[in-house]
Amino acid sequence: MMQLTDVKAYYDTPRGPVQAVDGVTLDIRENEVLSIAGESGCGKSTLVKVLYDYMPHPLRLVSGEILATIPQDNGETLTLREHEIRDYWWRHISYIPQASMSILNPVVRVERQFYDAAGGRYARGNRRELRKQIISYLRELELPEEVLTSFPHQLSGGMRQRVIVALATFMHPKIVLGDEPTTALDVVVQRGILTMLTRLQRQMQNTLVIVSHDMGVHYQISDRMAIMYAGKIVELGPTEALFHGAMHPYTDNLIKSLPRIGDRDVRTGIPGAPPSLLNPPKGCRFEARCPHVMDVCRREEPPFHEERDDHMVACHLF
Amino acid sequence: MIKMNWRLKVGLALLLVYIVLGFVLPQFSPYDPRTWNAVPRNLSPSWTHLLGTTNLGQDTFWVLTWATQNSLFIGILVAFFATTIGVAVGLTAGFKGGIIDRALTLVMDSFIVIPALPILILLSSLLRGRVSLLVIGSVLILFNWPWPARQIRSVALSLREREFINTASFSGQGTATIIRKEIFPYITNWTMANFVNTVLVAIATETGLAVIGLSSLETATLGGMIYWALQHQAVLGERWWWIGSPVVAIMVLFITLFLVSTGFSKYSALRRGR
Amino acid sequence: MRFAVFLASRILTYLLVMWIGITTVFFVPRFMPTDPVEAMLGRVQAQGGFMEVQQVEALRRSLTTAFGLEGTLWEQYVGFFRNILFERDFGPSLAMFPTPVSTLIAEALPWTLGLLLTATLFAWVLGNIIGLLAGYRDDRFYSKVLEAVAVIIYPIPYYILALVLIIFFAYLLPIFPMATSVRGIPGTLQFFQSVIHNSILPGISIVIVGFGWWVISMKALSSAIAEEDFVYFARLRGVRENRIMIDYVMRNAVLPQITALALMLGGIFNGALITEILFSYPGLGSLIHLAVLQSDYNLLMGAITLSVVAVATATMVIDLVYPFLDPRIRYK
């Protein structure tokens, strides 16, 4: 579906480039839920922006290749390279942002905001047709028709995020990117949104890429998982395999820091802080915090390779 | 310290020029600006008369210095009292809340929409030129306090909800102490910008009144200079120095005050890290 | 329900504004050391020479009645309100005796409203469009130039600019008349053309100064709103830039601008009064000026009361329309 080869995307700042995504190679498959995990500031949101071909100044694609192959309804395949993807926004690829009070235009009815995204693709005469389609889609998602004639402030936080999901998936895009789509919502609402997302993915048989710092979310919904640390993917594999046989010490730490039923003592995070992305270390980026650090880790960058079946890792231990 | 922005720099530099012009130079004035025929009439600018002389036999430059002083005086007077009253009322309304707040807000909202100039015209036409700058100043204060009061009230309302105020009041500090220690740091910057802006508004209103001959005719102000120039057909007589000096002085003064006021609010926004 | 409360409180404020305004207009002359009746008597005597004592007494009595200064302060107060509210009457004008003041005001009002409304609306719309462009694209060179120009022009009051315009475009380059002189019979094309010709210069002075502020504040508002989440998300949905600028940025930024217009109406009116006087434009401003020059007490009181009422009413109209433009207030 999408192939990234050695992609580097930096933020230009007065103090030099911040290497937020630094040499990521990743393939995203058809009909899968891929989730990207990592601490805040590890570059996972930037990676999603790169996937979505949304790189406003000061973000810049420095090098690497992005290739999207999108199967069309007529059986042909649409091949897109970097900077071509944005022409197919909403139709073939869409984006779900983090929930917030002001994610929808407060002074325009929800209905109008559906039409806006449709843009020139629907002439004025076809409004009624479009409206019918939107209503039947909302019904499919078990959302009340009234949300269309509502203003955003009349909807609850959860309802607003459902509307966002509906907006993003209305055109049945082949790829849906979610950047922390459930963060800032309360737990019950979070569950509802996640259920909605997975159900939609199963129905549409498309690809869902989800970024979250919440390991629970990943475990609940994803087929494969990528762990990012300081601008690089350090481990990538099937979610089950990753949770039960983590290879990279960072992944291991992340999973161990999850609370479990029957816990007695307080779980501690990983000591130390991630390196500055302005001037990252030469070798492995995790070396300063790694419990198994060796001499080679400080000198050489570990290669990202397939260690087990479909399970890749970048660590000198393997 | 964050670097001052260009508005503040330019504004403050120009303001300094005006303060020298208005408050220092008049001390050295060789003639009383009110006496007519102290110098030959209608002279063009020269070294002895920098901006020429008027039809009334006054030296334009020295009249200008006195007029600047009086205009600045009324502006500062009004701004000082209007801002002080406004801040006091705004804080009271914001912190007391309840019926006091509602009553004060109603009064503020009422005064904001009443145009001050017609009332001033009524007043000064009844007093027939005997109206003093102080009377005009008092009326201007009456119409200019509600604006800062309104703004300070909303700041006070938002501050009241913040935690540190609660902590302070739980720890047994009196209201006055809380206001002085916890609130003032928040509002001083805004108040400064508002102060300068009120100076501008007050001078603008007085000038308007003076241009149509309804301000104090005994005390020279920048607007009064324009009035006399217009009365004596300075435009038709093409005596540009007479009519032009006060017009240019006022335009530049307004731009100066505006630059200081907006420059100051930008500067303080930066300092607060916004 | 909350909307009803909102509406009620606005109307209450309106009534209070009118009350405070009219009361101020009522009390100012009564607390002045000068007595308008004595002032008028002095004028008449200075002009007309000797008068018998009885004649002076008779004149004094009739002037007192004409000025509504009979009886106790409270009776005068009630009478003043009754005349304004129920009879819309301010007595006869003395400068143009015996034309009633209300007739003179009715003749002047269309001029003021026509000039002021057109110019203010034009300035508001123009300023908001330029401010939006400058704010939405605030990294462009032209937006910086526009802002600098607005910053320079805005603080200059109308009447100063009006003077400069008169000097340049009526005296040095005689394109427009120096003072308003309308030719032709009302209703004819010639009259209409003459009105437009005479209104352009005062109108321009109001527009040029007026729009500066709208540019400055709209630029600040729209560059802040361009950073909002909903603009970001609209962009990521592929909503076209023009649509984002109009429906997302402008629609949100224009709301505070409407409130600001209501708050600034009084100031705009002040400036326009003086502009009218400088241009001898036959509106309320000139009427007030005439009343002052002729010591026409009734005309002065009438025109000034009406100014206060007009500004308060216009402000309230904007305030009452506002909820219909902002759904967050309408659908609480």
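Reading helices, sheets and confidence

User: How close do the axes of helix 8 (residues 189-225) of chain C and helix 10 (residues 241-279) of chain C come, and at what angle do they cross?

Analyst: Two packed helices are described by the angle between their axes and the distance between the axes. For helix 8 and helix 10 of chain C, the axes come within 9 Å and cross at roughly 155 degrees. Axes are lines fitted to C-alpha atoms, for helices over the stretch in contact, and angles run from 0 to 180 degrees between N-to-C directions. Helix 8 of chain C and helix 10 of chain C are therefore roughly antiparallel (over 145 degrees). This is a predicted model, in which local features need pLDDT of at least 70 and side-chain atom pairs 80 or more, while totals for chains, interfaces and linings use all residues. Residues are numbered from 1 along each chain, with chains lettered from A and ligands numbered from 1 as written.

User: Which residues meet between helix 8 and helix 10 of chain C?

Analyst: Helix 8 of chain C contributes residues including Leu201(C), Trp214(C) and Ile225(C), and those from helix 10 of chain C include Val249(C), Ile268(C) and Phe279(C); contact means C-beta atoms, placed from the backbone, within 7 Å. The residues of this contact divide into 14 nonpolar, seven polar and one charged (charged: Asp, Glu, Lys, Arg; nonpolar: Ala, Val, Leu, Ile, Met, Phe, Trp, Tyr, Cys, Pro; polar: the others, Gly among them).

User: What is the strand order of the open sheet in chain A?

Analyst: Strands of a sheet pair through backbone hydrogen bonds, either parallel or antiparallel. In chain A, an open sheet of four strands has the order 2-1-4-5, with antiparallel pairing. Its edge strands, pairing on one side only, are strand 2 (16-28) and strand 5 (77-81) of chain A. The twist averages 15 degrees from one strand to the next. Helix 1 (residues 44-51) of chain A packs on the sheet and touches strand 1 (2-13), strand 2 and strand 4 of chain A. Strand 4 (residues 59-71) of chain A pairs with strand 5 of chain A over five bridges (pairing takes at least two DSSP bridges), and Thr69(A) has Thr79(A) as its bridge partner. Helices (H or I, at least four residues) and strands (E, at least two) are DSSP runs, numbered from the N terminus.

User: Where in chain A is confidence lowest, and where highest?

Analyst: The predictor's confidence in each residue is pLDDT, from 0 to 100. Chain A has a mean of 85, with 94% of its residues at 70 or more. The lowest mean, 81, belongs to helix 2 (residues 110-118) of chain A, and the highest, 92, to strand 9 (residues 224-229) of chain A.

Key:
Angles under 35 degrees count as roughly parallel, over 145 as roughly antiparallel, 65 to 115 as roughly perpendicular and the rest as oblique. Two residues are in contact if their C-beta atoms, placed from the backbone, lie within 7 Å.
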